[in-house]
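Hi,

Here is the structure I promised to pass on. Have a look at it first, and then read my notes below.

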Amino acid sequence: MAEMGSTVTNTSMKQRDPNEALVIAVTTRAIFNLEEEHKLFLTKGKEEFVKHQQINEDKPLEQGTAFAFIQAVQFVNQKLLERNPEEKGLFDVIILSNNSPESGMRIVNSAKQHGLEISKFCFVSDEDSTQYLKSHNVKLFLSSDMTDVCNALQRGVSAALIFQQKVQAPSTQLRVVFDGDSVLFSDETDRVFREKGLTGAVEYERAMEAVPMGAGPLKAFAMHLGVMRKKFSQENSPIRTYLVTARSGRDMGSRAIKTLREWGLAIDEAFFLNGAPKGPLLSQIQPHIFFDDGLHNIQGARDVGIPSALVPCDCL
């Protein structure tokens with residue numbers, strides 16, 4: 001991963017217009033491994049935590065689950081600027097922290113020492129940091145705190161819960177995997193499945209095949225990513241997107257494909273697994289992030305080292 005960090009540090013740090021940029025907000029515990037520090041905060045209190053961060057402010061934090069994703073995002077920016085030095089539709093990354101500014105220097109220093117081109121940091125001292133997402137025009141929010149994620153989703157921002165784990169993303173190409181129902185699409189078919197079982201869900205999908213599904217929590221982010229993806233040819237794109245769903249392709253695939261077509265959202269690869277485990281396929285894809293609403297799928301992905309993000313379906 002060190003080589004990747006060195007390749008992205010040439011990206012321009014000029015001011016980005018949030019109205020044109022694809023803004024991603026990530027919390028400190030999502031991008032860095034702060035599990036020991038978080039434990040210290042919970043057991044010894046804020047004063048000891050602040051003291052520890054100040055003493056160690058020149059010691060870089062280890063990479064967290066979302067780190068490789070943010071590096072890949074910067075690689076996309078580099079390719080966009082190579083294509084057009086005046087490009088305004090870049091990724092813009094903000095680090096959010098519920099800690100005080102006095103303990104924040106270690107976060108800023110760690111970002112610099114790891115070669116992350118992040119210039120926006122928000123330290124809000126125990127306040128609800130999600131209240132600032134809309135003012136920054138954030139299109140995706142990643143956090144290790146379920147309350148934060150639910151607050152963001154309730155504010156209408158695409159958001160997901162990051163699980164701390166060691167990851168190794170092998171490619172610089174940004175690879176993003178979306179689940180279908182309750183993630184890209186609404187939960188309408190999931191609700192039918194829970195009420196009437198698989199047979200009822202299949203019958204519902206057949207009856208509704210010509211009707212596009214509603215938007216899921218991650219649709220807005222996927223659409224913005226799709227716009228960025230269209231700026232490149234299929235062969236030379238630094239972005240690759242995937243749909244990996246438990247749906248059966250034969251019985252329930254048509255409506256999903258027709259919905260994506262209606263939205264104008266091009267997905268590079270789609271897999272309809274008919275309920276099969278997702279882990280083996282994800283291990284082959286090696287994405288920088290995998291979005292799913294099912295904890296069993298998240299665990300299966302984590303078991304094979306895939307950085308995973310839960311889109312909770314009980315927040316809204």
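Is Glu 205 buried or exposed? Glu 205 is buried, because its relative accessibility is 2% (buried means under 20% relative accessible area, exposed over 50%, and partly exposed in between, with a 1.4 Å probe and protein chains only).

Before the rest, some ground rules. This is a predicted model, where local features need pLDDT of at least 70 and side-chain atom pairs count only at pLDDT 80 or more, while totals for chains, interfaces and linings use all residues. Residues are numbered from 1 along each chain as its sequence is written, and side-chain values use heavy atoms, with hydrogens and water left out.

Back to Glu 205. You'll find Glu 205 in helix 8 (residues 188-207); helices (H or I, at least four residues) and strands (E, at least two) are DSSP runs numbered from the N terminus. The side chain of Glu 205 has a polar contact of 3.0 Å with that of Arg 255 (a pair of N or O atoms within 3.5 Å; within protein, one must be able to donate a hydrogen and the other to accept it, and residues adjacent in sequence count only if both atoms are side-chain atoms). Leaving out residues up to four places away in sequence, Glu 205 touches Thr 189, Arg 247, Asp 251, Met 252 and Arg 255, where contact means heavy atoms within 4.5 Å.

Now the aromatic rings. Rings of Phe, Tyr and Trp (its six-membered ring) pair if their centres lie within 6.5 Å, and planes under 30 degrees apart count as stacked, over 60 as edge-to-face and the rest as tilted. That gives seven aromatic pairs. In one of them, Phe 121 and Phe 123 are stacked, at 6.4 Å centre to centre with 10° between the planes. Phe 123 is partly exposed, because its relative accessibility is 21%.

Which kind of pair do Phe 221 and Phe 291 form? They are edge-to-face, because their planes meet at 65°, with the ring centres 6.3 Å apart. This pair links distant parts of the chain: Phe 221 sits in helix 9 (residues 219-229) and Phe 291 in strand 9 (residues 289-292), 70 residues apart.

Lys 139 belongs to strand 4 (residues 138-143) and counts as buried because its relative accessible area is 15%. Its side chain makes a polar contact of 2.9 Å with the side chain of Asn 137. Lys 139 and Val 157 are 18 residues apart in sequence, yet their C-alpha atoms are 6.2 Å apart.

Finally, two loop residues to look up. Most residues other than glycine have a negative phi. Ser 182, though not a glycine, has a positive phi of about 70°. Ser 182 lies in the loop between strand 6 (174-178) and helix 8, and is buried because its relative accessibility is 5%. Asn 274 isn't a glycine either, and has a positive phi of about 50°. Its loop runs between strand 8 (269-272) and helix 11 (279-285). Asn 274 is exposed, because its relative accessibility is 58%.

Cheers
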